[in-house]
Amino acid sequence: MVTSRRDFIKKSSLIALAAGVPLSRLERTAASQGEVPSVASGLNKTAFEAQLNTIFLIHDGASRVGIKLVDVTDLPRWGATTQREAFSLLFRGDRATALKQNTYLIEHETLGLFSFLIVPVMRRQKSAVYYEAIINRLNP
């Protein structure tokens with residue numbers, strides 16, 4: 001699944017506009033159209049912390065790549081608002097199945113299906129590849 005920067009910005013803008021629509025209505029619409037839920041549908045920091053050291057399956061074309069969630073970290077809050085939840089997810093994967101930076105469909109046994117932008121990050125450990133996803137929610 002290859003997403004250009006233009007497509008990513010366009011889709012993100014639509015999600016931001018839809019944020020004013022009641023969540024229950026969005027979930028019914030998404031479910032009826034077979035769409036994948038976003039972070040807005042309840043995937044918060046607490047939900048991910050409960051899944052530390054579990055495997056997430058990344059859909060990469062026809063294959064699925066397993067990566068393990070190894071860290072959930074708060075990100076600094078900026079501005080005067082406290083109505084914000086920002087955190088980082090750090091995943092560890094196998095070097096043999098390294099992923100490129102992209103927005104992937106992700107599957108988890110407990111959390112279900114969702115999609116995130118996954119970015120490879122540099123780490124000192126050479127036996128594994130690390131990936132990061134940044135979650136920035138304005139109204140948790």
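1. In strand β4, H59 has L105 as its bridge partner. Two strands are said to pair if DSSP finds at least two bridges between them. Strands (E, at least two residues) and helices (H or I, at least four) are DSSP runs numbered from the N terminus.

2. The model is a predicted one, in which local features need pLDDT of at least 70 and side-chain atom pairs count only at pLDDT 80 or more, whereas totals for chains, interfaces and linings use all residues. Residues are numbered from 1 along each chain as its sequence is written, and side-chain values use heavy atoms, with hydrogens and water left out.

3. The overall arrangement is a closed barrel of six strands, in the order β1-β2-β3-β6-β5-β4, with antiparallel pairing. From one strand to the next the twist averages 45°. Axes here are lines fitted to C-alpha atoms, for helices over the stretch in contact, and angles run from 0 to 180 degrees between N-to-C directions.

4. Strand β1 is also joined to strand β2 (residues 63-74), by six bridges in the antiparallel sense. Within this pairing, L57 lies opposite G66 of β2. The two strands form a hairpin with two residues between them, and G61 in the turn has a positive phi of about 65°.

5. Strand β3 (residues 85-94) pairs with β2 through six antiparallel bridges; T73 has S88 of β3 as its bridge partner. Ten bridges, again antiparallel, connect β3 with strand β6 (residues 128-137), where A86 stands opposite N136.

6. Strand β4 (residues 102-108) is mostly covered, with five of its seven residues buried. Buried denotes under 20% relative accessible area, exposed over 50%, and partly exposed the range in between (1.4 Å probe, protein chains only). Seven antiparallel bridges pair β4 with strand β5 (residues 112-121), and E107 faces L113 of β5. A hairpin of three residues links β4 to β5.

7. The largest nonpolar core has 23 residues, of which F48, F56, L89, F91 and F116 touch the most other members. At least two residues of this core come from each of α3, β1, β2, β3, β4, β5 and β6. Such a core is a set of buried Ala, Val, Leu, Ile, Met, Phe, Trp, Tyr and Cys residues joined through side-chain atoms within 4.5 Å.

8. Q51 is located in the loop between α3 (45-49) and β1, and is buried, with a relative accessible area of 11%. Beyond its neighbours within four places in sequence, Q51 contacts F56, L69, H108, T110 and L111. Q51 and E109 are 58 residues apart in sequence, yet their C-alpha atoms are 9.7 Å apart in space.

Methods
Contact means heavy atoms within 4.5 Å.
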